[in-house]
Structure formats: C-alpha cells, structure tokens
Amino acid sequence: MNANNEPRRARVLANGTAAPLAVTTSWDDGDVLDERLAELLDRHGINGTFYLPRDYRTQPLSPAAIRSLGARHEMAAHSLSHPDLRKLSRAEKRREIGGSKEWLENVLGQPVTSFCYPSGYFDKETTEVVGECGYHVGRTVAQGVIAASSAPLQMATTLHVYPMPFRKTGPHSYNWLRLLTPLRRRMPAFRKLGVPFPAFRSWEALAVATFEIARERGETFHLWGHSWEIDKFDMWRPLARVLEHIGRRPDCSYVTNAELVPRG
C-alpha cells in the first residue's frame, strides 16, 4: 500500500501489456567530472542529459569533451553565467537563455532543445522566454515525481543525488545547524509516494526504494545531480550501486530528457 492506502498498479498499454518505465538522468553545471559520470552511465546502459553553462565552473568541460559526450548523451543548455533568472529583465533573460543555446549549438554543430533553470529558480516570464528561444524542455529541481510531465517547460525530477538523512559539508563533516534539512525537505513528497521510513536512512536506500515504486506504478524515474557535488560528498560508490540496480532492465526504457517530451 502507498501512503494513502491505495493499491499500486502497473501502467498498462492499450494492448494490455505493461508500459515500460522511462528512466532518465540529468546532470548540471558542466564540470570536468561529467566525463567520469558519463563513463559510469555508459557502463550501465543509462542515458544522461548534461546541462552546461558557458561561464560558471572553474574546471569546465572543454569543447572537445562536450562534443565527445554529445556523441553518446544529450547536451543541453544551462544559461551563460548561471544567474538567478528571476532577477533579470526580459532582455537579460533572452541573452542568458538564448545565448546559451547559440553557444552550445556552435560547439556541438547540432540543435539544442533542453534547458535547465540555474539553481531551479524560474518565474512565469522565464518559462515564456525558454519557449520563445526554441526549447522543448525546461527542467526544474522539483523532486518526488514519478508521473510523466504534463508541463515540459516545468519538468520535475524524481530524486537529487545528495546525502541523506543529514546535511553535510564534506564526506565526513556535517552542517550541525541544518543537520536534518535533507530529511525534512524530502520526506513529505516521498512518503506520499509510499516510500517506507527505513529507506530514509541513506541516499542509496531512498533511491532504490523510490525506483522500485516507480517500476510498479510510475511512468518515469528521473535521477539528477552535479558531478562536482557527488565528488565533494564522496558519493561515487553509492551512485554506482544505484545505477547498477536501475540499469539494463527489460521493463525499462532509457531515454534523455528531450525524449520524455512527445513531439508532434
């Protein structure tokens, strides 16, 4: 039973067969560590969408690395300089959002159709500009969602790769003033999905439990994060185990963020 005591039911296609769970992952900020992350995804047959700002990380992906990753995964825009887009004028928004698309398309030599709002901050005008600039996806940082997106320019996610249940400042150090912030922020949405209390003991346990619920009655499972943050908190091994658990399953389809959006 889920948190509302409703039975879980697998989705069924019109022909009576079970619909595959769409599994996608997305990774923000364009750090050089994205290359390590892409190798991990490749190993488990999982697609990634990499959202790249032009001027942000101190060790960004090189143009050659962007093109190499673009041959295997989706390369997507993340603004020029990673600002809070809500604080910009419409003209400044167009420069950041449209300029990011133009820059990345010039690097790749191919169209770019997905955008991620820096730090997840957006407003109505921002989503309008994203659409006007020719994007089909506008990804947010909303979590706890396993349903297909009904608003592609406000695409939600399922789970952020981030320590659980305690807020950390490094692999073995903690933010004592905000120690339980990850638990408080995530628990309501994930309990609503039916995730059991013991799964909140670690990020890995939460990811596996949520994935299994998504397999049983969901439409999408969307994992997202930052390669530099995975490194900062020493989460490579738990992430690898989760990717091994969710990868190469016959009842799942592995897609990019753009492929989640139906195109007419």
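Visitor: Is Tyr162 buried or exposed?
Guide: Tyr162 counts as buried because its relative accessibility is 8%. Buried means under 20% relative accessible area, exposed over 50% and partly exposed in between, with a 1.4 Å probe and protein chains only. This is a predicted model, where local features need pLDDT of at least 70, side-chain atom pairs count only at pLDDT 80 or more, and totals for chains, interfaces and linings use all residues. Residues are numbered from 1 along each chain as its sequence is written, and side-chain values use heavy atoms, with hydrogens and water left out.

Visitor: Ok, which residues does Tyr162 touch?
Guide: Not counting residues up to four places away in sequence, its contacts (heavy atoms within 4.5 Å) include Pro182, Trp203 and Phe233.

Visitor: And how far is Glu204 from Tyr162 in space?
Guide: C-alpha to C-alpha, they are 9.6 Å apart, though 42 residues separate them in sequence.

Visitor: New topic: how many disulfides are there?
Guide: Zero, from a search of the whole structure; a disulfide here is a pair of cysteine sulfur atoms within 2.5 Å.

Visitor: Is Cys116 buried or exposed?
Guide: Cys116 counts as buried because its relative accessibility is 0%. Cys133 counts as buried too, at 15%.

Visitor: Last one: which residues does Ser114 touch?
Guide: Among them are Tyr51, Glu74 and Ala258, not counting residues up to four places away in sequence.
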